[in-house]
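Me: Please take a close look at a single part of this model. I would like confidence first, then contacts.

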Amino acid sequence: MDHRNSEEAELVKRVQARDEMAFREIVERYQSKVFSIIYGILRNRNDAEDIAQQVFAKIYFSIKNFDFRSSLLTWIYKITVNECYDYLRKKRVRKLVYESDFSEEDAQRMEASEPATDPHLPIDTRLAQRDLILKLLSKLSEEDRSLMLLKEVEGHSVEELAQMTGLNENTIKVKLFRTRQKLLKAASRLTHVRPLAR
Amino acid sequence: MHREIYERLEDVLSGTPPDIAVKHLKQCQECRDEVISMRAQAALVRQLKPPVEVEPRAGFYARVLERIEAEGPVSIWNLFAESAFGKRIAVASLALALLLGVYLVSIERSAEPMVAGPSMQTCLAPACDAAGAPVASTLSAAISGEDAPGVVLSRLDQEPPNDQPNHEPNDDMLVNLVTYREQ
């Protein structure tokens, strides 16, 4: 799929020419998406706000390098996930979200509507699981991590991923398979190391 | 993992396995275990889905602009970094500076033996030909056509005056020819 001749591409070209109204349109179009991705990973509103600002600043400064090989959303998604991981690295967060990091509102919301996890599990267990998966995803390359999140979190099909990334479907399948295997290996290494560390 | 599953893994994981995959999974414990692990792992990854759609607070765009201003102050260097024309100017300037540098270094190297040589005194002394006229002016006169070349050469062949006892005429002439070329 050619991403160069879409309405979105025209918008990108205007931003590349430093049209501030076009940039505003991009921010307004994607701010909810970016904010949700960050919130999904960090579960903290203040951090999400800070990182979302950082993501759009990065988009502003690096959009001249956007080469239309992927869709704009895919590119923004990758930047957003990378910024989250940069943030986690910088803060050296080992245990991702302690209850002290939670606002009351966040905790209630998470308790009330956690779609992918077993609601009968105590919140500590769910947080430990989230911590584990974030650690496992940190072992992947930026590209593999984004692809995995686009598949599992955003729910895109292989065909959609091929269109979004500009890769063919077989390449997407192979990449996903290898990524899943890497995650399994990383998980088995972590579970073997943990008892020794104690 | 066997080919029957490997080629259809995404369908298997998404819960719509084709018959051939179902049949293989029934027979193959190894593939079954791996698929179960991958399903569990996919469920873990899905925990990163936000529970509800969240929006930033009002005024988000203004705060993004503030961040951009804070992170990227407008400077003259941005003109070079951001526009294609600016980049060309920067590259051309760098190339010119490099050429000038190479030229200056090569000039200094060719001048080094003259400065460091034993006849430094004679270099500093006024250079004159046998008739007392400066060699440089004699040569320039020859070049400009005031004197015929034969006249100039015969003047240069004459002995220097005796009032400069330590003067080596050939050295002087060589030194002054080099100096003249550089001028």
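Reply: **Confidence, then contacts**

pLDDT is the predictor's confidence in each residue, from 0 to 100. Helices (H or I, at least four residues) are DSSP runs, numbered from the N terminus.

This is a predicted model: local features need pLDDT of at least 70, side-chain atom pairs count only at pLDDT 80 or more, and totals for chains, interfaces and linings use all residues. Residues are numbered from 1 along each chain as its sequence is written, while chains are lettered from A and ligands numbered from 1 in the order in which they are written.

Chain B has a mean pLDDT of 72. In that chain, 54% of the residues reach 70 or more. Over residues 116-128 of chain B, pLDDT stays under 50. For that stretch the model has 18 contacts beyond four places in sequence. Two residues are in contact if their C-beta atoms, placed from the backbone, lie within 7 Å.

Now the partner. 31 residues of chain B are in contact with 41 residues of chain A. On the chain B side, helix 2 (9-13), helix 4 (29-45) and helix 5 (60-71) each supply at least two residues. That side divides into 17 nonpolar, 4 polar and 10 charged residues. Here Ala, Val, Leu, Ile, Met, Phe, Trp, Tyr, Cys and Pro count as nonpolar, Asp, Glu, Lys and Arg as charged, and the others, Gly among them, as polar. For the complex, the predictor gives an ipTM of 0.77 and a pTM of 0.62.
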